[in-house]
Amino acid sequence: MKNGEATHDDLLGILLESNHFENQGRDGGMTNQEVIQECKLFYIAGQESTSSLLVWTMVLLARYPEWQARVRQEVLQVFGNQIPNFNGLSHLKIMTMVLYEVLRLYPPTVYFTRAVQKDLKLGNLSLPAGIQVSIPILLIHHDRDIWGDDAMEFKPERFSEGIAKATKAKTWGETHFA
């Protein structure tokens, strides 16, 4: 980042580039204060969501020893007695299923609000630009119409074919948004 130039390969670089545009009077940039606030948000939110995920994962693996054994076996199969490395993580299918299920049952945030930037059609809903939309994450993640009658149960196998095929409703058109 010599001479005020931002790198373009990480979040901070992108934020600084946006700040640079703002300082040159171009639209779409961020002020210094906005960059600082975004950095604080990512730091705090990242710590909170990661710690929440790890705690709930440990709780559920302790409660479901059969899944704990499956995860342990997979980790030993992939890494053996070596220290886990980044490249091996993509080979942990069972662990990934467990993490997705933990995030579904115990999301780090229960809802979030977003402003609609331009007119939008979502299923049969027409959302005009400028309105605030609240997304009830916890209600969606526990909805029996979306996840099936076992929506409140810890069942990592629902993610065995990936995220897209994990729900009872196979497309978003089959959910409450339609």
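## Arg104 and its surroundings

In this predicted model, the side chains of Arg104 and Glu101 are joined by a polar contact of 2.9 Å. Arg104 belongs to helix 5. Its relative accessibility is 2%, and Arg104 is therefore classed as buried, since buried means under 20% relative accessible area.

Beyond its neighbours within four places in sequence, Arg104 is in contact with His141, His142, Trp147, Asp150, Ala151, Glu153, Arg158 and Phe159.

## The largest nonpolar core

The largest nonpolar core contains 20 residues, and those touching the most other members are Trp67, Val71, Val98, Val102, Trp147 and Phe154. At least two residues of this core come from each of helix 2 (32-63), helix 3 (65-79), helix 5 (93-105) and helix 7 (144-147). Helix 5 provides the largest share, with 6 residues.

Val71 may be taken as an example from this core. When neighbours within four places in sequence are set aside, Val71 is in contact with Leu61, Ile94, Met95 and Val98.

## The second largest pocket

The volume of the second largest pocket is about 190 Å³. Two or more lining residues are given by each of strand 1 (112-115), strand 2 (120-122), strand 3 (125-127) and strand 4 (132-135).

In total, 14 residues line this pocket, and Val116, Leu122, Leu127, Val133 and Ile135 are the ones that lie nearest its centre. By type, the lining consists of 12 nonpolar residues, 1 polar residue and 1 charged residue.

Terms used
Residues numbered from 1 in each chain as written. Predicted model: local features only at pLDDT ≥ 70, side-chain atom pairs only at ≥ 80, totals over all residues. Heavy atoms only, no water. 1 Å grid on protein atoms, 1.4 Å probe; cavity = no way out; pocket = protein on both sides within 12 Å on 5 of 7 lines; lining within 4 Å. Points joined across faces, edges and corners; volume = space filled by probe spheres on them. Helix = DSSP H or I, 4+ residues; strand = E, 2+ residues; numbered from the N terminus. Nonpolar A, V, L, I, M, F, W, Y, C, P; charged D, E, K, R; others polar. Core = buried A, V, L, I, M, F, W, Y, C linked by side-chain atoms within 4.5 Å. Buried < 20%, exposed > 50% of the residue type's maximum accessible area, 1.4 Å probe, protein only. Contact = heavy atoms within 4.5 Å. Polar contact = N/O pair within 3.5 Å; in protein donor to acceptor, adjacent residues only side chain to side chain.
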